[in-house]
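Biologist: I would like to learn how to read a model like this one feature by feature. Could we begin with a single residue?

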Amino acid sequence: MPTEIADEIEKWLARGATVLSLVSNGHIMGALALEDEVRPESVEAVHALHEEEVRVVMITGDAREVAEAVAADLGVDEVMAEVLPEDKADAVAGLQGRGLQVAMVGDGVNDAPALARADVGIAIGAGTDVAIESAGVVLVSDDPRGVVSIRRLSEASYRKMVQNLGWAVGYNVVAIPLAAGVFAWAGLVLPPAVGALAMSISTIVVAVNAMLLRRLDLRPAPVAADHIGPERVGEPTGGAT
């Protein structure tokens, strides 16, 4: 076997790839590596989560070589490989034991216990019924970037809740005492009719503020073709002849 072919095969095997050899007259003339494809959307999702300072952990039953190769392509922070199906929930519990809040994303029957154990279980819409029933959130599509959209929607909803709560509390603290005549001794009196009108305005403001969530654009940006690099995972990574 030529040295250059042997060197390439060693690299591919280290990634957990399946290597096919082209043999002629008992001699290896070339080789081809096959790997599972890493979706560009997954690279985008991990990159977006990192921008929001979210730690990404991969929990998989695949061999460590394969898991680490995929994690390197994705930029995953931590890899838990060769995890048995019944141990995935324990892996999630271990992360929680480190003081982390865990959002688990899965689509298979084996992911159901982990989805139920996580602080937030997110099921892929194209996954199994068991996974969907075990999760608290279900993605309509199989695009992993939907996880980022869920997080952004949750943060925006929480901000609106705090804003509306602040407005309602502010109204009650100021308007109600004035309408009740608490500050009448200082000449500050709010007629009951004006107080009722202010209450109606407060309700409208809260409703309009909540409706502004509709302006939030959660559509993922187009995938950049150069995120994975020249050697796309899932396509032949090259051959030596």
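**Reading the model**

Modeller: Asp 143 counts as buried, because its relative accessibility is 13%. Buried means under 20% relative accessible area, exposed means over 50%, and partly exposed is in between, with a 1.4 Å probe and protein chains only. This is a predicted model, in which local features need pLDDT of at least 70, side-chain atom pairs count only at pLDDT 80 or more, and totals for chains, interfaces and linings use all residues. Residues are numbered from 1 along each chain as its sequence is written, and side-chain values use heavy atoms, with hydrogens and water left out.

Biologist: Where does Asp 143 lie?

Modeller: Asp 143 is in the loop between β7 (137–139) and α7. Helices (H or I, at least four residues) and strands (E, at least two) are DSSP runs, numbered from the N terminus. The protein has eight helices and seven strands.

Biologist: Which side chains does a polar contact of 2.8 Å join?

Modeller: A polar contact is a pair of N or O atoms within 3.5 Å; within protein, one must be able to donate a hydrogen and the other to accept it, and residues adjacent in sequence count only if both atoms are side-chain atoms. Here the side chains of Asp 143 and Arg 145 are joined at 2.8 Å. Contact in general means heavy atoms within 4.5 Å. Setting aside neighbours within four places in sequence, Asp 143 is in contact with Arg 39, Glu 41 and Pro 220.

Biologist: Is Asn 209 buried or exposed?

Modeller: Asn 209 has a relative accessible area of 14%, so it is buried. Asn 209 belongs to helix α8 (residues 192–211). Its side chain makes a polar contact of 3.1 Å with that of Gln 163. Not counting residues up to four places away in sequence, Asn 209 touches Lys 160 and Asn 164 as well as Gln 163.

Biologist: How many residues does the protein have, and what percentage do buried residues make up?

Modeller: There are 241 residues, and 32% of them are buried.

Biologist: Which residues of α4 are buried?

Modeller: In α4 (88–97), the buried residues are Lys 88, Ala 89, Ala 91, Val 92, Leu 95 and Gln 96. These residues are on the same side of α4 because they cover an arc of only 160° around the axis; the arc is that of the directions from the helix axis to the C-beta atoms. Asp 90 and Gly 97, on the other side of α4, are exposed. The buried residues of α4 pack against β3, β4, β5 and α5 (112–117).

Biologist: What covers the buried residues of α3?

Modeller: The cover includes α2, β3 and β4. The buried residues in α3 are Ala 67, Ala 69, Ala 71 and Leu 74. Gly 75 follows α3 and has a positive phi, near 85°.

Biologist: What volume does the largest pocket have?

Modeller: Rolling a probe the size of a water molecule over the atoms shows where empty space is left. On a 1 Å grid over the protein atoms alone, a pocket is an open set of points where a 1.4 Å probe fits, with protein on both sides within 12 Å along at least five of seven lines; lining residues have an atom within 4 Å of a point. Grid points are joined across faces, edges and corners, and a volume is the space filled by probe spheres set on the points. The largest pocket has a volume of about 1,800 Å³. It is lined by 43 residues, and the closest to its centre are Val 56, Val 57, Met 104, Val 105 and Val 147.

Biologist: Which classes of residue does the lining of the largest pocket have?

Modeller: Ala, Val, Leu, Ile, Met, Phe, Trp, Tyr, Cys and Pro count as nonpolar, Asp, Glu, Lys and Arg as charged, and the others, Gly among them, as polar. The lining of the largest pocket has 27 nonpolar, five polar and 11 charged residues. Elements that each supply at least two lining residues include α2 (40–51), β6 (120–124) and α7 (146–180).
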